[in-house]
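Here is my notebook from an afternoon with this structure. Please keep the view open beside you as you read along.

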Amino acid sequence: MILMQTKALFIDAYRELNAKKLFWISIVLSALLVVLFASIGYDEDGVSFLWMNVSFLPFRPSIVSREFFYLEILFSGIGIRFWLTWVITILALVSTAGVIPDLIASGTIETTLSKPISRTRLFLTKYCTGLMFVALQVGAFSIGSFLAIGIRGGVWEPNLFLAIPIVLALFSFLFSVSATIGMITRAAMPALLITCLLWAVIFLMNIADASLLMFKVNSEILVEQREARIVEITENTTRLIRSERNREEPGSGDGYEPSMEEIETRNQFLPQIVEGLEDDREDLRQLTFWHNLIFTVKTVLPKTVETKDLLSKHLVDPSLYPERERNQVEEPEDPNTFVIDQAETEKRMQEEMRGRSLLWVLGTSFLFEGVLVLFCLWRFNRRDF
Amino acid sequence: MEAVIDVQGVEKMYRRRVHALRGVDLRVGSGEIFGLLGPNGAGKSTLVKVLLTVIRATKCQGTLLGSKVGDKSVLSQVGYLPEHHNFPKYLTSRQLLRHFGAMSGVQRAQRNRKADELLEVVGMKEWANAKLGSYSKGMRQRVGLAQALMNDPKLVILDEPTDGVDPIGRKDIREVLIRLKDEGRTVFLNSHLLSELEMVCDRVAIMVHGLVRQQGTIEELTDGQSGFAVRAMEPISEEVRNTVVARMGGVESVHTNDPNELVFATSDADVAQPVIDALRANGVIIRQFGFRRPSLEELFVKAVQEHPDGARPGAQRKGARS
């Protein structure tokens, strides 16, 4: 009977989707995007669209590999990051905001609860049917893209289907919020609005995280540069003092360790650099504190961006990423002036971002979802209708 | 008679303030049509929802089809039509019936056959493939009734089944109910339409403010309240009433709200003859004379009016008189 009831609830959910224009509009738009992928060629001359060469686009196989172009730029970049995780997710949230309010609506719930199905199983099954919109969309889009990219670009990458669980997981984090608000308010509109609000908060937290991380990494580099400069000046000045002492009295400079005051009197820049180092260390402490704070807040929230980025992590070999040329940083004349290579900053940021474990990205996000689902179950089981 | 519903002391308190059920004792026998009456807010729907696990009782002892109330598995043998149902408008009636059949655990082949069969029974076969969104209220009610019968239930609970249904539809529904009874099923009806209930119910219970005030067959409930009634052209004065009652010695008069009427609790026409003589002797012109049994509506109104807050709609708040 369990299987029969589960099947009945899924068929009912499909019929509900089928009756919604938004679902079919999304499918048609996804199909158009797949057709667009199939229209884009990539060869020695660069990018072509149908029979037209669009060589003004800055992509060449010598810079960007075929796999990277199709998988990372087209599928992951446009298909997943833009289309599925923004447009389709918003459409899905609109379409599914009513799933839980409709389930518990007066006139509906009485009939359903009068059937031999436990409230827990009923809620969990309905919750899963709420994910069907995105599952069907991302499933159809992935199959279409796999074929389009394979036939047109010659890149047959089965890892592309990782998009299905990844996008589904991302949507489920947001849907858990929608379901919870729907369970509390019994209305679709507050569920949609509060979910979008939380999504916006997560978006802002990600911007804050990235910005603070960039400032923090810059500050780290600056502190490292200052420390290195101090060591360099100290060593050079020590050598100079020793050679002067040896000139005055041979052998007296060997093994001589000048005091810091003596070194500072000999190098006018050193006191400024040391003073600057203290300021930079204080800045770094402040930035680390704020970044850790944002990171902690992010830990308890669903990680939408990081989840989305998991696809790129598993879809494209890191060796295929185009090398970013390092800037030639000219040594400034003023020893108290420091120049930060942005390529180095980006590299360190990437390392830190990519270093965030799967457990942190998915584990804590699923924990967030789990807590909300448990709350919904508790409320659904206790509630009178 | 084997009890299909047998509950004692059912209580439901909402938010520790509103006492919707205050110790309901109810027994419904197998194979009967049982009617539950009561004013708005009496707790009829709450009681039904408690039986169907839609609402959790604060206190409840008893059984439903032999299983403890709250046991979900027994619901596969129960059919239910809620009062203000709101079935999905994107489904056709055939799809709806098949869906709820599956939810009740009816096998595929059986539910496909049963859905068509029931649509014919409720007169909706021609509309089987039309979406519910295009139905009138009466049509939705017919489909709702069919939905409640998808699992061949031993017990059918119908909350206001004739709500929004035209007279022909009501007659059809009554026929379905009688057919269910003939098939040996138990039908539990919640309704405001007392005349409808009177036509089909074997037994009734009257609920007022969360308590069952009366329960039994209509004959049992009207026992002592039926008798020979004399109706005059004009109101009968108190003096004449007292004179007539005194002459009847031993036969009790039945209380009636009609000032033109005088009722004596006897089924013997001979005993009632002196009343006519006494009234005529006092100059009262008689318009009608005959045996009279109170209608269900009168019983209902009486039961409600006997309760201090009977006429006031809504559930009893804690601390209010009982």
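**Entry 1: two helices in chain A.** I began with helix 6 (residues 119-130) of chain A and helix 14 (residues 358-382) of chain A, which pack at an angle of about 135 degrees with their axes 9 Å apart. Before going on, I noted that this is a predicted model, where local features need pLDDT of at least 70, side-chain atom pairs count only at pLDDT 80 or more, and totals for chains, interfaces and linings use all residues. I also noted that residues are numbered from 1 along each chain as its sequence is written, while chains are lettered from A and ligands numbered from 1 in the order in which they are written.

Axes are lines fitted to C-alpha atoms, for helices over the stretch in contact, and angles run from 0 to 180 degrees between N-to-C directions.

The angle makes helix 6 of chain A oblique to helix 14 of chain A (under 35 degrees counts as roughly parallel, over 145 as roughly antiparallel, 65 to 115 as roughly perpendicular and the rest as oblique). I found the crossing of helix 6 of chain A and helix 14 of chain A to be right-handed (a crossing is left-handed if the near helix is turned anticlockwise from the far one by less than a right angle, and right-handed if clockwise).

Which residues of helix 6 of chain A meet helix 14 of chain A? I listed Arg119(A), Thr120(A), Phe123(A) and Tyr127(A) from helix 6 of chain A, against Val373(A), Cys376(A), Leu377(A), Phe380(A) and Asn381(A) from helix 14 of chain A. Residues are in contact if their C-beta atoms, placed from the backbone, lie within 7 Å. Sorted by class, this contact holds 6 nonpolar, 2 polar and 1 charged residues (Ala, Val, Leu, Ile, Met, Phe, Trp, Tyr, Cys and Pro count as nonpolar, Asp, Glu, Lys and Arg as charged, and the others, Gly among them, as polar).

**Entry 2: another partner for helix 6.** I then looked at helix 1 of chain A, which packs with helix 6 of chain A at an angle of about 35 degrees, their axes 10 Å apart. Helix 1 of chain A also passes helix 6 of chain A in a right-handed crossing. Here Thr6(A), Leu9(A), Phe10(A) and Ala13(A) of helix 1 meet Thr125(A), Lys126(A) and Thr129(A) of helix 6. I counted 3 nonpolar, 3 polar and 1 charged residues in this contact.

**Entry 3: where chain A touches chain B.** How many residues of chain A are in contact with chain B? It is 22 residues of chain A, with 26 residues of chain B. Helix 1 (2-18) and helix 5 (109-113) of chain A each supply at least two residues of that side of chain A. The largest share, 6 residues, comes from helix 1 of chain A. By class, the side of chain A has 9 nonpolar, 7 polar and 6 charged residues.

**Entry 4: chain A as a whole.** I find 14 helices and 3 strands in chain A. Its radius of gyration is 29 Å, well over the 21 Å that the globule rule gives for 385 residues, so chain A is more spread out than a compact globule (the radius is taken over C-alpha atoms, and the rule is 2.2 Å times the number of residues to the power 0.38). The C-alpha trace of chain A spans about 105 × 60 × 30 Å along its principal axes.

**Entry 5: domains.** Chain A is assigned domain 1 (2-208 + 369-382) and domain 2 (213-319 + 335-353), with bounds from an automatic or database domain assignment. Their C-alpha centres lie 44 Å apart. The contact takes 22 residues from domain 1 of chain A and 15 residues from domain 2 of chain A.

Terms used
Two residues are in contact if their C-beta atoms, placed from the backbone, lie within 7 Å. Helices (H or I, at least four residues) and strands (E, at least two) are DSSP runs, numbered from the N terminus.
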